[in-house]
Amino acid sequence: MRTLSTMKNLPNHVAIIMDGNGRWAEQRGLPRVLGHRAGTRTVRRIVEAVRQAGVRYLTLYTFSVANWERPREEVTGLLDLIGETVRTDGADLLKNGVRVRVVGELEDLPQRVRQPVDWLIQASRHNRDLNLTLALSYGGRHDLCHAARQLAAQVAAGQLLPEEIDEALVRRTLTTADLPDPDLIIRTGGERRLSDFLVFESAYAELYFTDVLWPDVTGADLDVALRDYAGRERRFGKTSEQIQHRPSPTSLSEAA
Ligand code: IPE
Ligand code: IPE
Ligand code: MG
């Protein structure tokens, strides 16, 4: 069988909305936080599968700005789990050449999460294999507002002209500035929405939805998503002929 790493049209950047932990736990009569714990095992599996497939960038929607509104014990449980997982899995990520980054409102995170995360960002900064980004206390609209405030301040200080604000500058001002746009956004757990994930960056991303709940997701599910992506034609507003470099009848007649 053809391995994924030799597959044509592999996405450069895969971003995943890891949804369905709570329902997975509820279906088993377990507290929701045990669904999140089961979800960390999937993170381990999928990071390794994505790395082995040869994908360069993986971004995981780990905790959204809106998730702060969940019941207190779930928020606390989730944050504990994130800190714990970064600690226990950090060494393996380092060994496997994974570079870790974080996007989101990091100032809002408690020290027990920030401290291990900051350590891993620093320790992994020379790794070149897979670029893993955790979206933590992340909201796409928040990120855009934050960028707008920064640019407005530069204009007010006379350092920037309003007409100098273009797509490239907005992009460089977002917390995702170091990342290429996502090529493929996968959402597990059955919902068909983006839930404030990569609002600006997802403009031309391919979307893939699966009903599989995140704790049940396997490398085989990832494989299916990557193959589905490989079969798509991304046109970015152009025609299929332009994308395939086939001269269209009009351009032939123009040339005549
Ligand atoms: C996703 O699982 C994880 C986070 C949002 C942190 P959920 O907790 O949203 O699971 P469901 O959607 O309730 O099943
Ligand atoms: C999105 O899932 C956030 C993460 C996966 C971290 P949610 O479960 O919070 O999204 P909604 O509330 O169903 O839109
Ligand atoms: Mg959910």
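Trainee: Ok, how many helices and strands are in the secondary structure of the protein chain?
Mentor: There are nine helices and six strands. Helices (H or I, at least four residues) and strands (E, at least two) are DSSP runs, numbered from the N terminus. The radius of gyration of the chain, taken over C-alpha atoms, is 20 Å, close to the 18 Å from the globule rule for 256 residues, so the chain is as compact as a globular protein of that length. That rule is 2.2 Å times the number of residues to the power 0.38.

Trainee: What box do the C-alpha atoms fill?
Mentor: Roughly 70 × 60 × 35 Å, taken along the principal axes.

Trainee: Where does all this come from?
Mentor: This is a predicted model, where local features need pLDDT of at least 70 and side-chain atom pairs count only at pLDDT 80 or more, while totals for chains, interfaces and linings use all residues. Residues are numbered from 1 along each chain as its sequence is written, chains are lettered from A and ligands numbered from 1 in the order in which they are written, and side-chain values use heavy atoms, with hydrogens and water left out.

Trainee: On to ligand 1. Which residues come nearest?
Mentor: Asp19, Gly22, Arg23, Arg32 and Arg70, out of 13 around ligand 1. A residue counts as near if one of its heavy atoms lies within 4 Å.

Trainee: Which polar side-chain atom lies 2.7 Å from an oxygen atom of ligand 1?
Mentor: One belonging to Arg70. The side chain of Arg32 has an N or O atom 2.9 Å from a ligand 1 oxygen, and for Gly22 a polar backbone atom is 2.9 Å from one. A polar contact here is a pair of N or O atoms within 3.5 Å. The protein covers 86% of the 380 Å² of accessible area that ligand 1 has on its own (Shrake-Rupley method, 1.4 Å probe).

Trainee: Which element gives the largest share of that shell?
Mentor: α1, with three residues. Helices α1 (21-27), α2 (32-53) and α3 (72-95) each supply at least two.

Trainee: And ligand 2, what surrounds it?
Mentor: Its neighbours include Ile17, Tyr61, Phe63, Asn67 and Arg70. Strand β2 (residues 57-64) gives the most to the shell, four residues.

Trainee: Which polar side-chain atom lies 2.8 Å from an oxygen atom of ligand 2?
Mentor: That one is from Arg193. Arg187 has a side-chain N or O atom 3.3 Å from a ligand 2 oxygen, and a polar side-chain atom of Arg70 also lies 3.3 Å from one. The protein covers 77% of the 390 Å² of accessible area that ligand 2 has on its own.

Key:
A polar contact is a pair of N or O atoms within 3.5 Å; within protein, one must be able to donate a hydrogen and the other to accept it, and residues adjacent in sequence count only if both atoms are side-chain atoms.
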